[in-house]
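Subject: Structure handover

Hi,

Here is the structure I promised to pass on. Please open it and keep it beside you as you read my notes.

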Amino acid sequence: MSLTDWIVLAATLLTIVIYGVWKSGVNKNIDQFLMGGRSMRWYHVGLSVMATQASAITFLSAPGQAYSDGMRFVQFYLGLPLAMIVLCVTFVPIFHRLKVYTAYEFLENRFDLKTRALTSFLFLIQRGLSTGITIYAPSIILSTILNINTVYTTLFIGSLVIFYTVYGGTKAVSYTQLLQMSIIFLGMFFAGVLVVHLLPGNVGFGKAVKLAGKLGRMNVIDWKFDPNNRYNIWSGLIGGFFLQLSYFGTDQSQVGRYLTGSSVGQSRLGLIMNGLLKIPMQFLILLIGILVFAFYQFNRPPMFFNRYEVEQVKGSSYSAQYNKLETQYATAFEQRKSKSEALIKAFDSKDQAQIAQAQSELKVADKQTTDIRKEAIGVMKRNNAKANGDDTNYVFLNFVTHYLPRGLIGLLVAIIFLASMGSTASALNSLASTSVVDIYKRIINPGASDQNYLDASRLATIFWGIVCVGMALYASKVGNLLEFVNQLGSYIYGTILGVFVVAFYLKKIRGNAVFIAAVITEILICVLGYFEVVAYLWLNAIGCILVIFIAVGINPLFPEKVVGKKVEVL
């Protein structure tokens, strides 16, 4: 990056941190630190919810996901609007009426302490691990730009987020997210415009999309029902609905965002805002990846986008073999480029036979470059079995750093940093609130002073920050970050959602029954996921349904026990 880019990057990050700390004011008690005094307006709530979900992974990995796999990932979000409606009708008014700090407090009132502790524990595991991934995403950027190991950049990013989250609490998180999302929307808009501007003069937006479609990248909707297919309309509507309902309804990182709303109405409006904007936003981010894909049909991309892995193999005994493949790749690219240009001319002719012929020839040329690339990844693996052969996280970053003008590169890099900081700060805040409210305050040290709980919240934030940074150091081994985070959530969210569904709608089910059902379900889900019996999105629906049916089935084994005049639920 140029000096201008570094100035833009540094100024943007410092402005966000200073603004958040300034707006947060002084936190005098746990309610202010964790809930922001429950005073946020609907647009704060909506943007905070979006920023929590839209981490750096969204802006770093989603374009790469579209580049390699097309637009079908957008189907993942199709169940979101329906989930927002269910949340507004059921979850939000109940949580507000009870004035809970965490979603899991409600479960003790409805069932018992062990059910509350189990769901809190499952959340802490899932969110602690996935937050590490969100910290790792921007560290990729710094390591690529500075050409240093991601260990050092991960430690830097983690320390920065921990600082302002510990100091400012949830108000600092919410106010920074408001400014972050405004900058993000603006920056991604300019990125999309510039991709189109950089395409050859005879291509343009329409032809770029058509070209990508002819190579199978405009696969927005897949109507075929296939339980092993990760992304189709059925897995998105059904599996995605259960995942989104569980994520927004039972994951404290999201529940904590809309509990800061000043009223039930403000929280509802914030969630509806998220439901209306999320799918279009995700569609446009994936579309940028499609345009980058079209751009690289006319401009030679690197054979492998992760520069760190390339330099490792080039410094090894496999260097000559890898360099030979790069030469072959350059030749194959020129053939693919000529076939792409031929297809663009065929579009102008409007001759369907000519278009079909050009498309067929382009597919052959594209397969040749793909085969050479696969062979290169094989060489990297022979040099180092632990080398990361998935470079989708680096596709958009490569485009940004090589082709965008000075200043805008710094802004786009800052956007990815901001997204990571927003989602990570929310996650650390939710991990701290769950640890303190559901475990420390309820089990370890009940009846302590507000100052004690405030100090414990700050210490818990630091503790989970260290844990998440540790997980981030492992994240280089997980492949595409966007998919991995959602896969990880699918192992746990369905079980937690099932517990909440039973709590809300099946009033006769008792604590022991739902606790045992949740434990059995979690074991079964882990087995199904490990052996890849179905695509991961379906695990959310299966987990929820299993908890319900098992709890209903075993509930008669735990009858109510009368103690004096009081009915005790076993």
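Start with a charge and a ring. Lys114 lies over the face of Phe515, at 5.7 Å from the ring centre. A charge sits over a ring if NZ of Lys or CZ of Arg is within 6 Å of the ring centre and within 35 degrees of the ring normal. Lys210 does this too: its charged end sits over the ring of Phe347, 4.3 Å from the centre.

A word on the source. This is a predicted model, in which local features need pLDDT of at least 70 and side-chain atom pairs count only at pLDDT 80 or more, while totals for chains, interfaces and linings use all residues. Residues are numbered from 1 along each chain as its sequence is written, and side-chain values use heavy atoms, with hydrogens and water left out.

**Confidence**

pLDDT is the predictor's confidence in each residue, from 0 to 100. The chain averages 82, and 87% of the residues score at least 70. Residues 562-570 stay under 50. The model has 14 contacts for them beyond four places in sequence; contact means heavy atoms within 4.5 Å. Where pLDDT is low, the predicted coordinates should not be read in detail.

**Overall make-up**

The chain has 22 helices and two strands. These are DSSP runs, numbered from the N terminus: helices are H or I with at least four residues, strands are E with at least two. Of the 570 residues, 59% count as buried. Buried means under 20% relative accessible area, exposed means over 50%, and partly exposed is in between (1.4 Å probe, protein chains only). Take the contacts between residues at least 6 apart in sequence: 85% of them join residues at least 24 apart. Ile135 and Ala472 are 337 residues apart in sequence, yet their C-alpha atoms are 6.0 Å apart in space. Ile135 lies in helix α7 (residues 113-146) and is buried, with a relative accessible area of 2%.

**Aromatic pairs**

How many aromatic pairs does a search of the whole structure find? It finds 35. Rings of Phe, Tyr and Trp (its six-membered ring) pair if their centres lie within 6.5 Å; planes under 30 degrees apart count as stacked, over 60 as edge-to-face and the rest as tilted.

Look at Phe91 and Phe500. Their ring centres are 6.3 Å apart and their planes are at 25°, so the pair is stacked. Phe91 lies in helix α5 (residues 80-98) and Phe500 in helix α20 (residues 493-505), so the pair ties together parts that are 409 residues apart in sequence. Both residues are buried.

Phe295 and Tyr403 make an edge-to-face pair, with 4.7 Å centre to centre and 75° between the planes. Phe295 is in helix α12 (residues 264-295) and Tyr403 in helix α16 (residues 395-403), so this pair ties together parts 108 residues apart in sequence. Phe295 is buried, with a relative accessible area of 1%. Tyr403 is partly exposed, at 30%.

Ring pairs also link a cluster, which includes Phe91, Phe95, Phe123 and Phe500.

**Cores**

A nonpolar core is a set of buried Ala, Val, Leu, Ile, Met, Phe, Trp, Tyr and Cys residues joined through side-chain atoms within 4.5 Å. The largest has 142 residues, of which Phe95 and Phe500 touch the most other members. Its largest share, 13 residues, comes from α12. Another core, of 13 residues, lies apart from it; Val313, Tyr322, Ala332 and Met380 are among its members.

Helix α14 (residues 319-349) has 31 residues, and at 1.5 Å a residue it should span 45 Å; its end C-alpha atoms are 45 Å apart, which agrees. The expected span is 1.5 Å times one less than the number of residues. Its buried residues include Tyr322, Ala332 and Phe347. Among the elements covering the buried residues of α14 are α9 (204-214), α13 (307-314) and α15 (352-383).

Lys350 follows α14, in the loop between α14 and α15. Its phi is near 60°, a positive value in a residue other than glycine. Most residues other than glycine have a negative phi. Lys350 is exposed, with a relative accessible area of 67%.

Glu532 also has a positive phi, near 50°. Glu532 is found in the loop between α21 (511-530) and α22 (538-554). Glu532 is exposed, at 62% relative accessible area.

Best wishes
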